[in-house]
Amino acid sequence: MSRIGELLVKAGKITQEQLQDALTAQQKEGGRLGTHLVKLGFIEDEELVEFLSQRYGVPAINLSEVEVDEGIIKVIPPDVARKYTIIPVSKAGAKLTIAMVDPTNVFAMDDIKFMTGYNVEPVVASDSSLRKAIDDYYGSTHSIELKKVMEDLADPDEADLEVLDDEEELDLENIQAQSEEAPVVRLVNIILTDAIKRAASDIHIEPYEKEYRVRYRIDGILYEVMRPPLKLREAITSRVKIMARLDIAEKRLPQDGRIKIKTRFAGRVKDLDYRVSVLPTIFGEKVVLRLLDKDNLMLDMTKLGFETESLRNFEQAIFRPYGMVLVTGPTGSGKTQTLYSAISRINSPETNIMTAEDPVEFNLVGINQVQMKEQIGLNFAAALRSFLRQDPNIILVGEVRDFETAEVAIKAALTGHLVLSTLHTNDAPSSINRLMNMGIEPFLVASSVHLIVAQRLVRRICNNCKEPLEIPPQALENIGFAKEEIKTLKLFKGKGCERCTGTGYRGRLGLFEVMAIDEELRELILSGASAAELRDKAKENGMITLRLSGLQKIRDGATTIEEVMRETIA
């Protein structure tokens, strides 16, 4: 755009000295010349747009006065819009009109023509209005800073690297030096803080043979967010390892650590905690970071998604003086949140609550939390035995995963302690059989377990773009709705907007199956009944299954049929 600078000088819009100052700023900071001319106050945004419009015979557009249809926005992906600082404005037949800062950028127009199949016609808009429109339509992000970092890191001659042999000697000093270079540090910082902006729960940094990618898990679904240069694989991994205080020389074994940082977010300082897992793969080490954000910890049980009757049964069980309460479900189904909510509900100065966790995810006031350390023999069973000598009222065991832990937990539940724990089973009734398969006698299970909760998480419809949805009655009947209610049933979906980044979903809520163990169920457990028989009896006694809980969330307009079908079976 230096040619445009010369044309502006010739037209008397700026002086030669001003052009030189703007070029110097461009060399230092990068970016467009026009942006620096405006930033330095040498020319107004509107004046520059008008000049470019007249000079190249291209219409000018004021984006603040234009509302672009969402269908047109989707024609160009967010990363391309940010890469070229462009916005699609309208579409007519085979012609796509795009707003851009520099109408002479033929590379951008050719790229978009090839990508979309449309003939591209440019209109000129100011740089600031384009960036605002991109943030408005595609969602705000760290993309500008990230782009600068990627430019600092880019080296086209080293884009494709051969994978190192395992036997090749590593220069640890060089790797550590690379990991502490400013661009690498900034890139890792952006990856960590951008995850907060996008409300991500996990960050995946993954090496492959010829590419390197970063993905975020948002509301349970993984989304690719960037592809750093492959040559940065070692530097980025080492930077994360240094932050997590792990051994950067150890590349053959998995490692676990933790990163605690402070950052300014939404005008205030936030304390953030990342759980770090490093795993060797055939093309390098994969890093997964679990974001533990205290602000997202929901300790109010009434807001988790329990149906009224299910919540009443659950609260009755956790307020008992002894017995066992189990929460089951797959990894990432919100079990820890439910348990933390339960112990927060029953926490008081009169109770001694002790937890054995692997890992301790959040620090809770007034609760004695113990981190497991398998390498020195501190496992769940060993911690439980020690707890019983600490005069506890309530014990939380992170997971019952073997006979030894199950045996000690059940004995604790039978000797005057309330025991809360988790299991990995698909539903509430099958948890009984799981305990028996571990080797626990049926009479011990029947007398100790008071209640089992099975849970799943489904995505919540975005309230900003929620709209009614029509579904054929037969399809609704097939998933479990009664014929009578189908006539009056109102369904909704998310259209997709900037707040939910076009997904139609924002946040998650729980589906809960709560099975209270009454006398009839105890008799069945003692007689060795199957999970199916236990389920039938529990349903007969009023248990709301995961599917029924999901149907209720659909009735409430909180989620969609697709989400409930994905997480439950009839």
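I started at D358, which sits in the loop between β11 (353–357) and β12 (368–371). The model is predicted, so I keep that in mind for everything below. D358 comes out as partly exposed because its relative accessibility is 37%.

Next, salt bridges. I get 34 of them in total.

E404 and R385 pair through their side chains at 3.1 Å, N to O. E404 is in helix α16 (residues 403–414) and R385 in helix α15 (residues 380–387), so this bridge ties together parts 19 residues apart in sequence. E404 is partly exposed at 35%, and R385 is partly exposed at 35%.

R459 and E563 also meet at 3.1 Å, N to O. Here strand β15 is tied to helix α24 (residues 561–567), because R459 lies in the strand and E563 in the helix, 104 residues apart in sequence. R459 is buried at 12% relative accessible area, and E563 is buried at 2%.

E467 and K493 form a bridge at 3.6 Å, N to O. It joins strand β16 (residues 466–469) to strand β17 (residues 491–494).

I also noted a salt-bridge network that links E206, E211, R213, R215, E224, R227 and K286.

Last stop, L423 in strand β14. L423 is buried, with 0% relative accessibility. Its contacts include L326, V327, V400 and M438. I looked at helix α13 (residues 308–318) too: its buried residues include L311, F314 and I318, and β14 (418–423) is among the elements covering them.

Definitions and conventions. Residues are numbered from 1 along each chain as its sequence is written. This is a predicted model: local features need pLDDT of at least 70, side-chain atom pairs count only at pLDDT 80 or more; totals for chains, interfaces and linings use all residues. Side-chain values use heavy atoms; hydrogens and water are left out. Helices (H or I, at least four residues) and strands (E, at least two) are DSSP runs, numbered from the N terminus. Buried means under 20% relative accessible area, exposed over 50%, partly exposed in between (1.4 Å probe, protein chains only). Contact means heavy atoms within 4.5 Å. A salt bridge is a side-chain nitrogen of Lys or Arg within 4 Å of a carboxyl oxygen of Asp or Glu. Lists of a residue's contacts leave out its neighbours within four places in sequence.
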